[in-house]
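I opened the model to look up a helix pair, a sheet and a few single residues. My notes follow in the order I took them.

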Amino acid sequence: MTFEQLSIFLIFLGLFFFLIWGKIRYDIVSFTALLVAIILGIVSIEEAFVGFSHPATILVALVLLVSAGMVNSGVIYLITNKIFSTPRTMNSHITIISSIGAILSSFINNIAALALLMPIDLQVAKKAKRTVKKTLMPLSFATILGGMVTLVGTPPNIIISAIRQKNLGEPFSFFDFTPVGITVCLAGLIFISTFGWKLIAEKINPQSEKKTNEGKEFYFSELMISEKSTYIGKPISDLKELFEKFEATFIKTDSRKKIITEGDKITVHTSPADLDEIRITLGLVIEDAKRLFDSEETDELEVLEVLVTESSRLINKTAESVGLFWRQQTMILGISRKGNNLKRELKKTKIRQGDILLLLTPRESHKEVVNWLGVLTLQDRDLSFTQHGKAWVSLSSFLFAVFLSSTGMLSLTLALSILVCFYIFYNILPASQIYENIAWPIIVLLASMIPLGYALERTGGTELIVTLLMQFSTDWPLWILLSILMLVTMTLSDILNNTATTIVAAPIGLNLAYRLDVNPDPFLMGIAVAASCAFLTPIGHKNNTLIMGPGGYEFFDYWRMGLPLQLIVLFVSIPSILIFWPF
C-alpha cells in the first residue's frame, strides 16, 4: 500500500467518523477533509474545486430550483389535492408515494422523479402536521429502486449496457434489467412501506422544528368566483365544506342567493399559506391581483405582514381612500383583527391601530411602501402568492424537459438548466429567489466529496480494495463470488458516485468471468444492481443528497434504514440473477 492510498483511506475513515458523530456540520467536515487531502498532496490545487462545477453538483442545485418553481406555480397544490386530498396513515401514504416514485423512476431519470415528488411529500406532511423525516427517505430510496427496472432509470444500467456492447458485441436491451430490477424493487418497497420507515430516528432537526412550529396569523380575506370556476351553479354549502379541509372558516358571501354565481365575493378567515392553496386548488381569484401582476410598473411581488401603529396614515382610513393601489401598486390581501368580523370589503374597511395587514407589494419598493404607510414589518415567514394560470405551463415544461432527457436529446443537466431559465423569464421563479432556494451546505458537501472520490480512484484505492478481496475468493462457488463482488460494489457506491463505481467495477467483473470461463452477464447485472444501491450515505446518490436538508437528516440516519435495505437487495437479487441470467 502506497503513502497516497494509506492517506486517502485515513481521510475517509476520519471523515465518516465525524459525519457519524454528528457534532460538527457535515459541510464543514467534508470541506475540512478536502483541505487535508490538498495539504497532503493527494488532491492537487487544480482538482480541488472541480466539484463545484461538476455536473452532479449543478444537477442537485437545478433540481432544488425546479422544485421551488413548481411550488411557486401551484403545481404541487394541484397534485396534492387531486391524489393526496384524503388523510392517510403514515403506512398508506409511504406506500402510495413510494410506489408512484418507483414507477416514475423506471421510465424517467430517478433524480427527475424525486424532483417532482419531493415538494409534494413536503406539502402533504405540512397539511398532515407531521415531520417529513419519516417520509422523504423512503421516497428517495424508492426512486433509486425504481431506476433499476429499465435501461434509462439510472446511469449504472446505461453504462453497463455500453460496456457489454464494447466487450461482447451486443448491449443489454431496454427491458433486460426488468426481471431482476422489478423483483428487487418490489422487495425493497415492501420493506420500506411496512417496517423500514419506522427505523428512522424521531429526532427532528432544530431548524426544521423551528420552522414547523412557527405560529400562524389568521386573516380575514376575500376571494372571488371567476368566470372559469367549476363551482358556478353549485350550492354555497359546498364551498363551506371545502374550506374546512384547508383549516379556513367561511365567514360570509355578498351574494343573496344560495347558489354560487360568477363575481360572488366570499370572506374567509385563514392563514396566508392556506389562502394561497385555496385560491389555486379551488380556482378562486383575488380582485385586482391580476391587474397588479400585469402592471408594467411592477416586476416581482412579495407578501408582507405589517403591524399598523398609531402614527400610520391608515388609521381610521381605508386602503381605497389613501390610494394604496394606484399610489404604491400595493393591495391588502387580508386583515387580522381581534374582535368582530369585518362588515365591509377589505379595501373599504377602516383600518385600526393594532391591525395586522397582509400586503401584496412590489419587492423592489416594499421598504418605501412600509415607510409611506407608517407600519412595522413583522418577522419574515417566507410567505408566497402563487400566480394563476402558470401551474400547467410549469408542469408541462417540466415533463417536456424530462422527455428530452429520457430520449437522449439533451442531458438532464442541460434540460433542467433550460427549464430553470424558462421559469425565471416567465416569472415562475423570481430572480430574487434563486439563491434562497439552493441548499448551500448540501452543495459544499457534494462539491468537497467529488475530488476526494476522484483521489480514491486515481490512487488505486478502489482497485486495491477489490483486488484484495478477490484474490482470497477465486476458489469459492460462483454465487459467493457474485455476492462478494456486489457487496464491494455497494460499498464503493456509498463513497463514490454510482457512475464512477460502475466504471471501476465492471472491468473487474468481466475479467473475473473470463478467468473462470463463465458467462459474464450475471456479474454485469450484479454490478448494475449493486452500483445503484447507495443507501448508507447522503453522498452515494444524488437523491440522498437532495433530501438531506429538507428532511433534516444526519449522516447516521441513512444507515438505520439503508443497511437492512442493502442486505435485502443482496439476498433478493442474487437468486434472481442466477435464475434470469445463469452462469
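**Helix pair.** Helices here are DSSP runs of H or I with at least four residues, strands are runs of E with at least two, and both are numbered from the N terminus. I noted that this is a predicted model, where local features need pLDDT of at least 70, side-chain atom pairs count only at pLDDT 80 or more, and totals for chains, interfaces and linings use all residues. Residues are numbered from 1 along each chain as its sequence is written, and side-chain values use heavy atoms, with hydrogens and water left out.

H7 covers residues 110-128 and H24 residues 542-551; they pack at about 20°, axes 10 Å apart. H7 is therefore roughly parallel to H24 (angles under 35 degrees count as such). Axes are lines fitted to C-alpha atoms, for helices over the stretch in contact, and angles run from 0 to 180 degrees between N-to-C directions.

I then listed the contact (heavy atoms within 4.5 Å). H7 brings Asn 110, Ile 111, Leu 114, Met 118 and Leu 122, and H24 brings Lys 542, Asn 543, Leu 546, Ile 547 and Pro 550. Seven of these residues are nonpolar, two polar and one charged. Ala, Val, Leu, Ile, Met, Phe, Trp, Tyr, Cys and Pro count as nonpolar, Asp, Glu, Lys and Arg as charged, and the others, Gly among them, as polar.

**Sheet.** I traced an open, antiparallel sheet of seven strands, ordered S2-S3-S1-S5-S6-S4-S7. Strands pair if DSSP finds at least two bridges between them. S2 (249-253) and S7 (375-377) are the edges; each has a single partner strand, so one side of each lacks a neighbour in the sheet. On average, neighbouring strands are turned by 35° against each other, direction ignored.

S7 pairs with S4 (residues 301-308) over three bridges, antiparallel. There I found Leu 307 opposite Leu 376 in S7. Helix H12 (residues 236-245) packs on the sheet, touching S2 and S3 (265-270), and its direction makes about 150° with that of S2.

**Single residues.** Is Asn 157 buried or exposed? Asn 157 is buried, at 1% relative accessible area (buried is under 20%, exposed over 50%, partly exposed in between, with a 1.4 Å probe and protein chains only). Asn 157 sits in H9 (residues 155-168). Thr 32 lies in H2 (residues 26-39) and is partly exposed at 40% relative accessibility.

Definitions and conventions: Angles under 35 degrees count as roughly parallel, over 145 as roughly antiparallel, 65 to 115 as roughly perpendicular and the rest as oblique.
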